[in-house]
Amino acid sequence: MRTYLVTGGAGFIGSNYIHYMFRKYGDQIRIINVDKLTYAGNLENLKDVENRDNYTFIRADICDGDAIAKIFAENDIDRVVHFAAESHVDRSIYEPELFVKTNVLGTATMLNCAKKAWENPDGTFKEGKKFLHVSTDEVYGSLTEDPTTFFYETTPYAPHSPYSASKASSDLLVKAYMDTYKFPANITNCSNNYGPYQFPEKLIPLVINNALHGKELPVYGDGKNIRDWLFVEDHAKGIDMVQEQGRLFETYNIGGHNERQNIQIIKTILKTLKELLPDEDPRKKNISEDLITYVTDRKGHDRRYAIAPDKIKKEVGWYPETNFEDGIKKTVKWYLENQEWMDHCISGDYQKYYKDMYENR
Ligand code: NAD
Ligand code: TYD
């Protein structure tokens, strides 16, 4: 039975990945989820799996070398899937040091502990061990609006925000471990994810929640910045396929082939909410394009991100299966059906869940 150490599994993508892996492999794998439970970590995302015999949650900081080394010492880890990070660009503009600490030092700690646990006396690594570092296309900087240009694995790094600079640094550390020690790893750089369990500071859940409450929908700048939206379950599948079928030491870009301007995204969400809400729902009257409010642009706002996921398609056979129309419908439907989850996020109540669930056990 393969044992996975997943970092940041209580976050948005990590929790979707854990759900995906249990759906796919059932009892054939074991997952240890290591998460510090920052404001972005929410164990309510994992209610469905917390009682499984093959799932363990450990609250730890990826910067804490002793805690991480202990997990490796006590468990024969076969796979590391490293999601844990500070992930929000706006926060990185106000608190860059935290991003350096978590994203750079945290990744260095994970690499160091995995290397020590997996290394043979002759400097080679134990058979079959693999580390996957989850990163972002934001490391490549910004594209112009020329629709024939894309990010490729060979695009030079040119990050702009403290967030993307810290992720670029973490990628370079993983590359250094691969080049120096032949450390068995892969890097994936993906585009903007959307789907269930995303913390409502990010564009899509923020717009859904604000619209339902008749609150303003803040659009940065002219609203024409472009992101390439990837359905989170497609991403989870891509990560697993890269780790099992990709070539070691390689980077794979994972993109949604789904470029949209922010303003288009907002209008699509409003349209979808109107379609899905029954007429008698009092929130329906709140849904209006009048809520759209143009606000001061984000500092250093990257204009366009877009991935051509050719390498992962050719080598691994992955492609983004969910088109945006279906994905956004599923997403809006999920938030409508999980209003309580959203309410707990907004009120901070989800942090009580850890206390009730784990501290008082
Ligand atoms: P998230 O902010 O939703 O979750 C991050 C998780 O990491 C949280 O559960 C948090 O508690 C945990 N964490 C933070 N600091 C920690 C620490 N020091 N020790 C242990 N755990 C810690 O982020 P996400 O959107 O799920 O992103 C996951 C990964 O994917 C990140 O590495 C991010 O850079 C990358 N990524 C995200 C997107 C996206 O669109 N969300 C796009 C590209 C890449
Ligand atoms: P975000 O979800 O923060 O992801 P990222 O910055 O990593 O791409 O933002 C997506 C886009 O939406 C980005 O161009 C910034 C913009 N945006 C707004 O216009 N208003 C908002 O309130 C937020 C959170 C983002």
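Which residues in α6 meet which residues in α11? I looked this up in a model that is predicted.

**Entry 1: the helix pair.** I found that Pro 205, Asn 209 and Leu 212 in α6 meet Gln 339, Met 342 and Ile 346 in α11. Sorted by class, this contact has four nonpolar and two polar residues, and no charged ones. I then turned to the geometry. The axes of α6 (residues 203-212) and α11 (residues 339-347) come within 12 Å and cross at roughly 100°. Angles of 65 to 115 degrees count as roughly perpendicular, so I list α6 and α11 as roughly perpendicular to each other.

**Entry 2: polar backbone atoms at ligand 1.** A polar backbone atom of Ile 62 is 2.9 Å from a nitrogen atom of ligand 1. For Leu 37, a backbone N or O atom lies 3.5 Å from an oxygen atom of the ligand. For Gly 41, I noted a polar backbone atom 3.5 Å from an oxygen atom of ligand 1. On its own, ligand 1 has 830 Å² of accessible area, and the protein covers 97% of this.

**Entry 3: the shell around ligand 1.** I asked which elements give two or more residues to this shell. They are α1 (12-25), β5 (130-136) and α5 (162-181). β5 gives the most, with three residues. There are 28 residues around ligand 1, and those that come nearest are Ile 13, Asp 35, Ser 87, Tyr 163 and Lys 167. By class, I recorded 13 nonpolar, eleven polar and four charged residues in the shell.

Note on methods:
Residues are numbered from 1 along each chain as its sequence is written. Chains are lettered from A and ligands numbered from 1 in the order in which they are written. This is a predicted model: local features need pLDDT of at least 70, side-chain atom pairs count only at pLDDT 80 or more; totals for chains, interfaces and linings use all residues. Side-chain values use heavy atoms; hydrogens and water are left out. Axes are lines fitted to C-alpha atoms, for helices over the stretch in contact, and angles run from 0 to 180 degrees between N-to-C directions. Helices (H or I, at least four residues) and strands (E, at least two) are DSSP runs, numbered from the N terminus. Angles under 35 degrees count as roughly parallel, over 145 as roughly antiparallel, 65 to 115 as roughly perpendicular and the rest as oblique. Contact means heavy atoms within 4.5 Å. Ala, Val, Leu, Ile, Met, Phe, Trp, Tyr, Cys and Pro count as nonpolar, Asp, Glu, Lys and Arg as charged, and the others, Gly among them, as polar. A residue is near a molecule or strand if one of its heavy atoms lies within 4 Å of it. A polar contact is a pair of N or O atoms within 3.5 Å; within protein, one must be able to donate a hydrogen and the other to accept it, and residues adjacent in sequence count only if both atoms are side-chain atoms. Accessible areas come from the Shrake-Rupley method with a 1.4 Å probe; for residues, only the protein chains shown count as cover.
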